[in-house]
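Let's take a walk through this structure together, one stop at a time. Have the sequence and the 3D view open as you read.

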Amino acid sequence: MNLFKNKKLIYYLFVCAVFYGVTNMSNTFIPSMLTNKGLNIDVTSTILSLAVFCEAPFVLFSSRFMDKIANKKLLLIAVSMVCIQCAVYGFDMPMLITILITLIAKHPAGMLYIMINLKVINTIIDEQQQITALALVATLKNLVSIIFQNVAGNIIDMTSYAYLYQICFVCMIICLILVL
């Protein structure tokens, strides 16, 4: 497959693996983390439902920034959002800050990354291979999600949500370094 000869794609796949692994793992464990910190299930569900609406500005105003900002800067923004999110969860910040970062970062970072992925693939892959490259990224996303979720479950069983998110914070710092 010619795609694997593209060094930029291989490098980008490493960034994708870390980003998608941490964010998809978080999508699974944030609800239980919030209830573990003392929120009722109905409040947790409401917060997570509202968080979905927080991605709307990224979608609605994407035409104003996606083509004007370089891929690297966009990646830095999305990865930084998840870094901050992991730091807040990992260093056991007050509940209000935890809720705010959930609203500000959880879904917006993911939606931004969806748009970034399309732009990056369009930039680094020939038109004839873009669909295959997008499918490759989607497959990688699913595979790393399985791995990260299994590892995360074991970490939570042995330690705590805070320790899990400290590890995720380190992973996202590595991802940030890769983007730089």
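This is a predicted model: local features need pLDDT of at least 70, side-chain atom pairs count only at pLDDT 80 or more; totals for chains, interfaces and linings use all residues.

The crossing of α2 and α6 is right-handed. Sorted by class, the residues of this α2 and α6 contact comprise eight nonpolar, two polar and one charged. To find them in your viewer, look on the α2 side for I47, L48, L50, A51 and V52. Their partners in α6 are I99, T102, L103, K106, H107 and P108.

How are two packed helices described?

Now turn to another pair, α1 and α8. Their axes are 10 Å apart, and the packing angle is about 155°. Because an angle over 145 degrees counts as roughly antiparallel, α1 is described as roughly antiparallel to α8. The crossing of α1 and α8 is left-handed. As for the classes of residue in this contact, 19 are nonpolar and three are polar, with no charged residues.

The next stop is the interior. In soluble globular proteins, nonpolar side chains tend to be buried together. The largest nonpolar core of this model has 59 residues, and the members touching the most others are Y12, F19, L112, Y113, Y165 and M172. Which helices each supply at least two residues of this core? They are α1 (7-36), α2, α5 (71-90), α6, α7 (130-158) and α8 (161-179). The largest share comes from α1, with 15 residues.

L112 is worth a click, being among the core members that touch the most others. Setting aside neighbours within four places in sequence, L112 is in contact with F58, F65, M66, L74, I77, A78 and M81.

Finally, leave the core for a loop. D92 sits between α5 and α6. Is this residue buried or exposed? Its relative accessibility is 52%, and because exposed means over 50%, D92 counts as exposed. The backbone deserves a look here too. Most residues other than glycine have a negative phi. D92 is not a glycine, yet its phi is positive, near 50°.

Conventions:
Residues are numbered from 1 along each chain as its sequence is written. Side-chain values use heavy atoms; hydrogens and water are left out. A crossing is left-handed if the near helix is turned anticlockwise from the far one by less than a right angle, and right-handed if clockwise. Helices (H or I, at least four residues) and strands (E, at least two) are DSSP runs, numbered from the N terminus. Contact means heavy atoms within 4.5 Å. Ala, Val, Leu, Ile, Met, Phe, Trp, Tyr, Cys and Pro count as nonpolar, Asp, Glu, Lys and Arg as charged, and the others, Gly among them, as polar. A nonpolar core is a set of buried Ala, Val, Leu, Ile, Met, Phe, Trp, Tyr and Cys residues joined through side-chain atoms within 4.5 Å. Buried means under 20% relative accessible area, exposed over 50%, partly exposed in between (1.4 Å probe, protein chains only). Axes are lines fitted to C-alpha atoms, for helices over the stretch in contact, and angles run from 0 to 180 degrees between N-to-C directions. Angles under 35 degrees count as roughly parallel, over 145 as roughly antiparallel, 65 to 115 as roughly perpendicular and the rest as oblique.
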